Every structure is written in C-alpha cells, then in structure tokens.
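I'm going through this one piece by piece and jotting down what I look up. The sequence and the structure go in here before my entries.

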Amino acid sequence: MIDQTALPTTLRYVRYATADGVAGAIKTMVIRGAPAIGVAAAMGVALAAVGSDARTKEELMEDLSHAAEILRSTRPTAVNLFWGVDRILSKARSADSVQEATRAVVDEVKRMEDEDVETNRRLGAVGAGLLEDGDTVLTQCNAGALATVGYGTALGVVRAAKERGKSVTVLVPETRPALQGSRLTAFELATDGIDCRIIPDTAVGYMMAQKRADKVIVGADRITADGFVFNKIGTYQEAVLAHRHDIPFYPAAPHSTFDLTRSHLEVTIEERGFEEVVSVRGRRIAPKGVPVSNPAFDATPPGLVTAIVTDRGLVRRPIAKNIARVIS
Ligand code: MRU
C-alpha cells in the first residue's frame, strides 16, 4: 500500500505480511479512508489465514478471531472496517477444511478489491448527473482514490463528471489536523490533472457566502439507519453552512458504509491523540500543558442532507425512510 503519512513529499509503497502489521498501518493512518481500511482489514484477516499453522478448522478460526479482534480495535468509526473483517470471517467459517478456508479467504479478498473499484465507478455514474459543466465542488478530507482501492467516492463523482466532458473544480479544505485535504486530495487531483484549489478550513463559510462553491460532495465513514452521516471532522459545519447558503450537500458512499443496524446514538467517534493538534509535521505550534480535544469525525443529521449518492442509486429525502429502500 501507499504510505499516506509520507505524502505529498514522498510516494512510498510499504508491504505487510501479518495482521499485526496491517493493524498498525490502519491505526497510524499509513492507510486511511473508510473503504480502504475495510479492504485492508479484510486482507489482514486473510494474511492471518495464510500465516497460520493450524491443523484443524477450529484452530484456524481461533487464529482468525484473534486477528479480527486486533484489527477491529484499531479505529472505531468507519463501519467498512468491521464489514471487511466480518465478510472474511464468514467466508472462512463456511469452508470445510483449513486448506479450503485459506484458499477461499484469499479469493474473497481479491474479489473485494475488484468490487471496490467497480462500486465506486457505479457510484460515480450515479452522482455525475448532479454536477453541471463549470461547477465548483467543495469537499472535505480525502474521499478519493487514496481512501479506497481506486477511483474514490466523493472524488469518484468528480472523476465521472469529468469523464462525461464536464469541467469541474474542487475546493479542498486543508482538513486539520491530519491535513488529508491539502496533503492527499490536492496530491491526487493534481496528479490526475483535475482542477483544484486548497483553502484553509476556516475559509469554508466565506467561500460559500462569496458564491464560490456550487455544491458540496463529501465521503462518509458510516451512515446510520436514521440517516446520520458520520464523516471527517468539519463535515458538519460544511453542512450547516451549505444549508444557510442554499448549496446542495451530497455525501457519497458505497453500500458497505451503511450501518442499518444502528442509530446515530450508538456510534463511537474516534478521539485521536493531542500531538496531531499541537504540532504540524513534527513541529510544536501550541504551548505545552494546555488540554486538547481531537475528535476525528462528526455526525451530520439527515435534515441537512440533500441526497446521498450510492452505488445502488440516489437516496433522496426523506433520507432515513429512503435509505432502507435503496440500500437493503
Ligand atoms: O481519518 P480518515 O482520514 O480515515 O478519515 C477519512 C474520511 O473521513 C473520509 O471522508 C471517509 O473515510 C470517506 S473515504 C471514501
């Protein structure tokens, strides 16, 4: 995988051969983005199968459950991670022998890899019709090729619109504190020759008031049955401001991001370490000893959502009611 902590200055590929290694990469955000960590976690479980010396199916399942537990404990908010782990475990469970299970999980994880790109392309095709030639799209964080196996979700919509001949510019908030916007989104858009402009997170309201954003398209880490969209911190304030300025707000997410078993009250928002906030790329920018809060995600209520772009079609208002119809 690409080491996303080194971007944009260094494009470095890293390899992992164990579930522990993959879990470490997810926790430290070497790999990040909901669909990407879903497939990576699934690969982590598959690596545990390949590396296991179990002689019986029961012993193998014990090894896989142990790996699954480590992977599940890395990051709590993106549901794709749990979806990926569970999909591999259930594949292994339904096999009759150690050899059959190992082969089946390796095949399954390769299928998931291919499916992710296909799903994003489908989602992009659904969303492309929402954009007009000349639109400026505000996003948040990185919901692009780097956050998925390829193509991207929110940025997949932009890519699809471009492929259909529309000219689109992306406004990219830096996305403090980990800077996924300025480091990653700007990197992948510039690499692909898609127009973009970095703005400070604090400029979002001003840009909207100045009519310099036509639409908001963001990714999602989990969308609950009651229509709440969990995504990178800062998404909620974009949604509130978009509502204030009459700008359509579209989350874009594959069906694996929907959690139809929970309400928004049951979701854990990851709280990350204070170091990310008080220092930038290793340099301290705040006094020592002052307490810090660092929530990594927020929840946008369905009342602020214009429609959700998914690989299974558009979820229109009323969002909560239509999620069940489009996704299940
Ligand atoms: O903390 P991160 O970088 O993993 O957060 C990523 C996001 O919030 C993305 O917007 C989300 O995962 C959607 S990615 C297609």
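Which residues does Thr 235 touch, leaving aside those up to four places away in sequence? I looked, keeping in mind that this is a predicted model. I found Gln 140, Val 218, Phe 249, Asp 298 and Thr 300 in contact with Thr 235. Thr 235 sits in helix α9, which covers residues 235–244.

**Entry: Ile 233**

Next I went to Ile 233, in the loop between β6 (229–232) and α9. Is Ile 233 buried or partly exposed? I got 24% relative accessibility, so Ile 233 goes down as partly exposed; the cut-off for buried is under 20%. Not counting residues up to four places away in sequence, Ile 233 touches Gln 140, Arg 176, Pro 295, Ala 296, Phe 297 and Asp 298. I also checked Ile 233 against Arg 283, 50 residues apart along the chain, and their C-alpha atoms are separated by 22 Å.

**Entry: cis peptides and positive phi**

A cis bond joins Arg 176 and Pro 177, with omega about 0°. Pro 177 is in the loop between β2 (169–173) and α7 (180–191). Thr 175 is in that loop between β2 and α7 too, and its phi is positive, near 65°. I make Thr 175 buried, since its relative accessibility is 1%.

I noted another cis bond between Leu 7 and Pro 8, where omega is about 10°. Pro 8 belongs to the segment before α1.

Tyr 151 also has a positive phi, near 80°. I found Tyr 151 in the loop between β1 (136–138) and α6 (154–163). With 8% relative accessibility, Tyr 151 counts as buried.

In soluble globular proteins, nonpolar side chains tend to be buried together. So where are they here? I found that the largest nonpolar core has 38 residues, and that Ile 26, Leu 64 and Leu 71 have the most contacts inside it. At least two residues of this core come from each of α1 (19–27), α2 (34–50), α3 (57–72), α4 (79–93) and α5 (98–128). The largest share is from α2, with 10 residues. I followed up Ile 26: beyond four places away in sequence, it touches Ile 31, Ile 37, Ala 40, Ala 41, Leu 71, Thr 74, Arg 75 and Leu 81. I also logged a second, separate core of 27 residues, including Leu 138, Ile 199, Val 204 and Ile 327.

**Entry: two helix pairs**

I took α1 and α2 to begin with, and they pack at about 160° with axes 8 Å apart. Roughly antiparallel is therefore what I wrote for α1 and α2. Their crossing is left-handed. On the α1 side, Ala 19, Val 22 and Ile 26 make the contact; on the α2 side I listed Ile 37, Ala 40, Ala 41, Gly 44, Leu 47 and Ala 48. By class that gives 8 nonpolar, 1 polar and no charged residues.

Then I did α4 and α5, which pack at about 145° with their axes 8 Å apart. The crossing of α4 and α5 is right-handed. Among the contact residues I noted Trp 83, Arg 87 and Lys 91 of α4, and Glu 108, Arg 111 and Glu 115 of α5. The class count for α4 with α5 is 8 nonpolar, 1 polar and 5 charged.

Key: Residues are numbered from 1 along each chain as its sequence is written. This is a predicted model: local features need pLDDT of at least 70, side-chain atom pairs count only at pLDDT 80 or more; totals for chains, interfaces and linings use all residues. Side-chain values use heavy atoms; hydrogens and water are left out. A nonpolar core is a set of buried Ala, Val, Leu, Ile, Met, Phe, Trp, Tyr and Cys residues joined through side-chain atoms within 4.5 Å. Buried means under 20% relative accessible area, exposed over 50%, partly exposed in between (1.4 Å probe, protein chains only). Helices (H or I, at least four residues) and strands (E, at least two) are DSSP runs, numbered from the N terminus. Contact means heavy atoms within 4.5 Å. Axes are lines fitted to C-alpha atoms, for helices over the stretch in contact, and angles run from 0 to 180 degrees between N-to-C directions. Angles under 35 degrees count as roughly parallel, over 145 as roughly antiparallel, 65 to 115 as roughly perpendicular and the rest as oblique. A crossing is left-handed if the near helix is turned anticlockwise from the far one by less than a right angle, and right-handed if clockwise. Ala, Val, Leu, Ile, Met, Phe, Trp, Tyr, Cys and Pro count as nonpolar, Asp, Glu, Lys and Arg as charged, and the others, Gly among them, as polar.
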